[in-house]
Amino acid sequence: MAKTRKKDAYWHRITRQMIEYGLKPAQIGKVLKEVFPDTEVNGRHIGAYKRRLTTEGVEIAVRPAISLNEAMDIVHGLVNEE
């Protein structure tokens with residue numbers, strides 16, 4: 001049996017935080033597009049990552065704990081110009 005390796009892409013940390021806040025993959029996709037305009041990450045990628053986190057036992061809010069605008073503000077604070 002082959003050993004699997006989990007990816008840790010540039011968008012994973014931000015996405016994990018937004019998933020934990022209870023945002024939907026499509027909403028998270030909008031946030032990522034705002035911060036990383038050239039990204040090809042979409043709702044499908046985010047949904048797959050959410051399933052992986054759920055399998056790993058990460059706590060996810062049932063209802064969104066923040067609004068989309070609040071998420072945008074948080075992410076802009078987390079990401080620098082690099």
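Reply: Let's come in from the end of helix α1: the helix is followed by G22, whose phi is positive, near 95°. Helices here are DSSP runs of H or I with at least four residues, strands are E runs of at least two, and both are numbered from the N terminus. Keep in mind that this is a predicted model, so local features need pLDDT of at least 70 and side-chain atom pairs count only at pLDDT 80 or more, while totals for chains, interfaces and linings use all residues. Residue numbers start from 1 along each chain as its sequence is written, and side-chain values use heavy atoms, with hydrogens and water left out.

α1 has an inside: H12, I14, T15, M18 and I19 are its buried residues (buried means under 20% relative accessible area, exposed over 50%, partly exposed in between, with a 1.4 Å probe and protein chains only). Looking down the axis of α1, these residues fall within an arc of 160°, so they line one face of the helix (the arc is taken from the directions from the helix axis to the C-beta atoms). That buried set packs against α2, α3 and α4, where contact means heavy atoms within 4.5 Å.

Leaving aside neighbours within four places in sequence, T15 is in contact with I28, L32, I46 and Y49.

I46 and Y49 bring us to α3. Helix α3 (residues 43-55) has 13 residues and reaches 18 Å from first C-alpha to last, close to the 18 Å expected at 1.5 Å a residue (the expected span is 1.5 Å times one less than the number of residues). Its buried residues are I46, G47, Y49 and L53. Down the axis of α3 they fall within an arc of 165°, so they line one face of the helix. They pack against α1 (12-20) and α2 (25-35), and the face turned away from them carries the exposed residues R44, R51 and T55. At the start of α3, a side-chain oxygen of N42 comes to within 2.9 Å of the backbone nitrogen of R44. Just after the helix, G57 takes a positive phi of about 90°.

Now the nonpolar core, a set of buried Ala, Val, Leu, Ile, Met, Phe, Trp, Tyr and Cys residues joined through side-chain atoms within 4.5 Å. M18, I28, L32 and I46 touch the most other members of the largest one, which has 19 residues. Elements giving two or more residues to this core are α1, α2, α3 and α4 (68-78), and α2 gives the most, with four. Not counting residues up to four places away in sequence, I46 touches W11, T15, I19, P25, I28, G29, L32 and V41.

What about the rings? Those of Phe, Tyr and Trp (its six-membered ring) pair if their centres lie within 6.5 Å; planes under 30 degrees apart are stacked, over 60 edge-to-face, the rest tilted. That rule gives two aromatic pairs. Y10 and F36 pair edge-to-face, 5.0 Å centre to centre with 80° between the planes. Y10 is in the segment before α1 and F36 in the loop between α2 and α3, so this pair ties together parts that are 26 residues apart in sequence. W11 and Y49 also pair edge-to-face, at 5.7 Å and 75°. This one links the segment before α1 with helix α3, 38 residues apart, and both W11 and Y49 are buried.

T39 counts as buried because its relative accessibility is 6%, whereas Y10, at 49%, counts as partly exposed.

Notes:
A polar contact is a pair of N or O atoms within 3.5 Å; within protein, one must be able to donate a hydrogen and the other to accept it, and residues adjacent in sequence count only if both atoms are side-chain atoms.
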